[in-house]
Amino acid sequence: MKRLVVLISGSGSNLQAILDACRQGRIDACVAAVFSNRAGAYGLERARQADIPAHALAASDYASREDFDRQLIADIDAYAPDLVVLAGYMRILSPVFVAHYQHRLLNIHPSLLPKYPGLHTHRQAIENGDGEHGTSVHFVTDELDGGPVILQAKVPIFADDSEAEVIARVQHQEHAIYPLAISWFVDGRLAMRDNAAWLDGEKLPPQGYAGD
């Protein structure tokens with residue numbers, strides 16, 4: 001069975017969606033370990049409750065981002081993952097880390113990339129008067145939130161929406177599309193080549209897979 005390692009920084013709601021999908025057989029893989037840069041992240045408790053090894057590394061213990069990431073690489077590699085999954089991991093990765101897991105490193109970002117890379121995406125969408133917002137699953141490259149998009153989901157933004165309401169709407173979609181994209185990779189259907197995402201041997205468009 002394929003092995004996943006998941007990186008988190010917070011509550012781990014996407015981690016929970018992945019754990020549920022593995023348990024239900026929608027992802028033919030197991031989560032081998034969970035890592036966080038925050039010892040108090042609730043996602044680590046989710047991992048422990050599922051009897052999955054849960055680890056926290058503090059950036060303050062390391063002289064540089066590269067030193068931190070080299071230790072993280074060593075700890076992750078002890079679990080021999082087939083895929084490394086970023087699920088709300090809030091540290092910018094060093095080129096050393098990205099290169100080590102090239103073509104087997106996924107992220108989910110709360111915007112319709114290339115729109116709104118970085119932080120506070122929901123707030124930006126509301127303040128700019130956008131009628132729709134969403135989330136994107138993508139391969140990770142050295143460009144922040146700039147890797148090839150695999151799959152997106154859109155949600156409406158209504159005139160009286162609060163930021164919390166938009167976040168909840170987006171997260172609902174995240175919990176559906178992230179396990180799906182992971183399952184494609186695990187099943188050998190999804191790959192990254194020539195700086196593009198490919199599904200079933202077909203190159204995906206810039207916005208990723210567009211289903212019916």
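These legends describe close-up views of a predicted model.

**View 1. The largest pocket of the predicted model.** The volume of this pocket is about 960 Å³. Its lining has 37 residues, and G88, Y89, M90, I108 and P110 are the closest to the centre. At least two lining residues come from each of α1 (13-23), β5 (105-109), α5 (121-127) and α6 (163-186). The largest share, four residues, is supplied by α6. By class, the lining holds 13 nonpolar, 17 polar and seven charged residues.

**View 2. Positions annotated as "binding site" in UniProt.** The unreviewed UniProt entry gives this feature to R65, M90, R91, I92, L93 and N107. From this set, M90, R91, I92, L93 and N107 belong to the lining of the largest pocket.

**View 3. M90 in the loop between β4 (83-86) and α4 (95-100).** Beyond its neighbours within four places in sequence, M90 contacts S9, R38 and L119.

**View 4. L93 in the loop between β4 and α4.** L93 counts as buried because its relative accessibility, 14%, is under 20%. Residues up to four places away in sequence aside, L93 touches D69, L86, V98, L105 and V140.

**View 5. The second largest pocket.** This pocket has a volume of about 240 Å³. Its lining consists of 17 residues, with G146, G147, P148, V149 and P206 nearest the centre. The lining divides into 11 nonpolar, three polar and three charged residues.

Methods. Residues are numbered from 1 along each chain as its sequence is written. This is a predicted model: local features need pLDDT of at least 70, side-chain atom pairs count only at pLDDT 80 or more; totals for chains, interfaces and linings use all residues. Side-chain values use heavy atoms; hydrogens and water are left out. On a 1 Å grid over the protein atoms alone, a cavity is a set of points where a 1.4 Å probe fits but cannot get out, and a pocket is an open set with protein on both sides within 12 Å along at least five of seven lines; lining residues have an atom within 4 Å of a point. Grid points are joined across faces, edges and corners, and a volume is the space filled by probe spheres set on the points. Ala, Val, Leu, Ile, Met, Phe, Trp, Tyr, Cys and Pro count as nonpolar, Asp, Glu, Lys and Arg as charged, and the others, Gly among them, as polar. UniProt positions are given in the numbering used here, feature names are shortened, and annotations may be inferred rather than shown by experiment. Contact means heavy atoms within 4.5 Å. Buried means under 20% relative accessible area, exposed over 50%, partly exposed in between (1.4 Å probe, protein chains only).
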